[in-house]
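Please read it alongside the model.

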Amino acid sequence: MKQIPHYRLRRIFVLSVFALGLGILFVRAVDLQLFNHEFLEEEGKARHLRVVEIPTHRGMILDRNGQLLAVSTPVHSVWANPAEALDDRESVVRAEKILEMKAGELASKLEQKKKRQFLYVKRHVGPQYAEELNQADLSGIYLQREYRRYYPTAEVSSHVLGFTNIDDKGLEGIELAYEDWLVSKPGAKRVIKDQLNRIVEDVEAVRIPRPGRNVELSIDRRVQYLAYRELKAGYIQHGAQSASAVMIDAKTGEVIAMVNVPSFNPNNRKGYKQSTYRNRAVTDVFEPGSTMKPFVIALALESKRYFLDTVIDTTPGTYKIGRYKIRDVRDFGPLSVNDVLLKSSNVGAVKIALTIPRPDLWNLYNAIGVGQSTESGFPGEVHGHLKYHRDWHHTEHATLAFGYGMSTTTLQLARAYTVLASNGRQLSISMLRKADAGERWQTSPRVVSSQTVKQVRSILNAVVSEYGTGFRAAIPGYHVAGKTGTVHKLAGGEYAKDKYISLFAGMAPASDPRLVLVVVVNEPSRGVYFGGQVAAPIFSSIMGGALRILNIAPDNVPVRTDIAHLSKDHAG
């Protein structure tokens with residue numbers, strides 16, 4: 001028998017081994033694909049199945065006309081898996097260049113957090129960076145969709161709206177006050193990712209995303225812009241430390257505009273001090289000064305002990321109470337009650353107030369909201385101060401007549417003046433637009449009789465005439481009612497001789513007020529400081545523009561007598 005060559009035996013052996021191996025692989029493949037398919041699929045999913053968050057947007061903030069004040073826009077943030085990224089140093093270098101980071105900066109961050117699986121590289125990058133990173137397809141460097149808050153009105157409404165942090169959570173203003181309303185609830189879904197962490201398949205929804213609900217403010221964006229522009233111009237002109245203005249709808253109690261200067265841009269807060277963020281209109285208190293005199297006169301008329309022509313002797317222009325001397329700007333001599341308010345006589349107001357029982361004066365101030373929160377819901381709103389009448393000293397009873405010895409905010413003073421504008425009713429203040437506010441006005445509590453309020457309003461109308469201290473607050477075509485105020489500032493427990501707060505509080509049209517506006521200018525430093533010189537012109541600019549924007553009809557249009565006969569001659 002012929003013997004098979006040795007090399008052929010080796011070939012047969014090798015081929016047999018290969019054939020056996022292929023046979024085993026085939027059998028194993030059949031087993032895996034047909035008999036253990038479900039088990040292996042579950043194992044694969046267990047290794048690549050992930051639950052990912054579905055981001056959704058925060059609710060929008062709108063003005064009363066549906067115009068945007070705050071909106072969340074989609075952006076991308078860059079994150080990395082440190083260990084995975086460090087395995088490809090070239091990707092790290094390219095990422096540093098794309099994101100304009102210093103050489104080695106990203107690598108250093110990744111090294112420090114090497115044991116973590118998730119690390120933010122840069123939050124809220126611009127679209128050009130996101131697109132470039134997406135095209136580069138870097139190892140271990142990924143994009144994540146998020147939302148960033150954007151404020152179209154920038155510094156104009158910043159104190160009202162506040163702002164959110166980088167995670168879209170409210171920190172100040174309306175954003176904080178209505179966080180529970182505005183906040184969104186992100187959804188979740190199960191997905192399958194490949195070894196490069198890319199989603200290759202959506203498996204199922206775990207939680208449906210819920211966007212935040214919109215908030216519709218009472219603010220009118222057009223009036224807000226006008227008020228900010230004019231207040232800022234006056235603030236700069238007089239070199240003031242700060243200034244605030246609040247406008248309220250006299251029929252509903254809705255806040256139409258609320259502005260402060262200096263302001264800040266919530267879209268880019270770099271370089272601003274923390275103190276800049278506070279809404280001075282609701283957080284800063286001051287003594288309201290002579291703007292309180294109309295309420296003293298109203299109370300005097302309500303008592304029936306005084307009438308508009310009752311004479312008060314203010315001679316010689318000073319009045320001593322204990323060791324304190326109250327002064328007028330000059331000796332006005334005998335003045336009627338009407339002229340006490342028209343001339344803003346401190347002596348006359350004090351003599352009237354001292355004849356009014358303390359509880360009555362306190363009850364009126366308390367009823368108009370002095371020393372009380374307006375309950376607007378705005379974060380950080382302070383209450384102000386009004387001491388209880390049993391604790392008054394004799395001098396406090398006197399000084400309260402012209403607005404010293406109490407403290408209030410710009411918003412609270414504006415609310416007080418709505419009593420004079422709404423025929424004696426106290427309105428509830430709202431930062432939100434209220435569809436039924438006009439109906440609720442009819443049931444608002446009455447503080448002063450409508451007859452008395454109309455008398456006081458008539459005097460305040462004269463204050464804004466050429467004969468009064470507030471003539472610079474006049475608006476062509478409209479009757480305006482208002483009161484000036486000039487207050488010495490407290491500094492170190494004493495009144496500073498050269499630091500003032502200039503005020504003007506008023507309403508228009510005076511015949512049937514629609515708007516109430518208070519302007520407060522803190523420490524004007526350009527030589528003039530009286531409320532009639534500083535705050536009244538700002539009032540005129542803001543109120544005049546608002547009346548036109550809101551299309552409120554004039555109530556002081558002169559009639560041309562030379563053509564009046566034409567309507568009769570051509571009647572019918």
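Residues 24 or more positions apart supply 71% of the protein's contacts that have a separation of 6 or more; contact means heavy atoms within 4.5 Å. This is a predicted model: local features need pLDDT of at least 70, side-chain atom pairs count only at pLDDT 80 or more, and totals for chains, interfaces and linings use all residues. Residues are numbered from 1 along each chain as its sequence is written, and side-chain values use heavy atoms, with hydrogens and water left out.

The protein has 21 helices and 19 strands. Both are DSSP runs, numbered from the N terminus: helices are H or I with at least four residues, strands are E with at least two. Of the 572 residues, 47% are buried. Buried means under 20% relative accessible area, exposed means over 50%, and partly exposed lies in between (1.4 Å probe, protein chains only).

Two packed helices are described by the angle between their axes and the distance between the axes. Here axes are lines fitted to C-alpha atoms, for helices over the stretch in contact, and angles run from 0 to 180 degrees between N-to-C directions.

| Pair | Axes come within | Crossing angle |
|---|---|---|
| α12 (residues 293–302) and α19 (residues 450–463) | 9 Å | roughly 140° |
| α17 (residues 410–421) and α19 | 9 Å | roughly 110° |

α12 and α19 are therefore oblique to each other. Angles under 35 degrees count as roughly parallel, over 145 as roughly antiparallel, 65 to 115 as roughly perpendicular and the rest as oblique. On the α12 side, the contact uses P294, I297, A298, L301 and E302. On the α19 side, T452, Q455, V456, I459 and L460 take part. The residues of this contact divide into 7 nonpolar, 2 polar and 1 charged. Ala, Val, Leu, Ile, Met, Phe, Trp, Tyr, Cys and Pro count as nonpolar, Asp, Glu, Lys and Arg as charged, and the others, Gly among them, as polar.

α17 and α19 are roughly perpendicular to each other. V419, L420 and A421 of α17 meet V453, V456, R457 and L460 of α19. That contact comprises 6 nonpolar residues, no polar ones and 1 charged.

**An enclosed helix**

Helix α14 (residues 346–353) has 7 of its 8 residues buried, so it is largely enclosed by the rest of the structure. The buried ones are N346, V347, G348, A349, V350, I352 and A353. They pack against α12, β11 (311–313), β12 (318–321), β13 (324–327), α13 (337–342) and α16 (394–399). S345 caps the N-terminal end of α14, with a side-chain oxygen 2.9 Å from the backbone nitrogen of G348.

H397 sits in helix α16. Its relative accessibility is 4%, so H397 counts as buried. Beyond its neighbours within four places in sequence, H397 contacts A353, L354, I356, R358, L361 and W392.

N522 belongs to strand β19 (residues 515–522) and is buried at 11% relative accessibility. Leaving out residues up to four places away in sequence, N522 touches A240, Q241, S242, K489, Y500 and I501.

K434 lies in the loop between α17 and α18 (437–441). K434 is partly exposed, with a relative accessible area of 33%. K434 and S218 are 216 residues apart in sequence, yet 7.5 Å apart in space, C-alpha to C-alpha.

Definitions and conventions. Polar contact = N/O pair within 3.5 Å; in protein donor to acceptor, adjacent residues only side chain to side chain.
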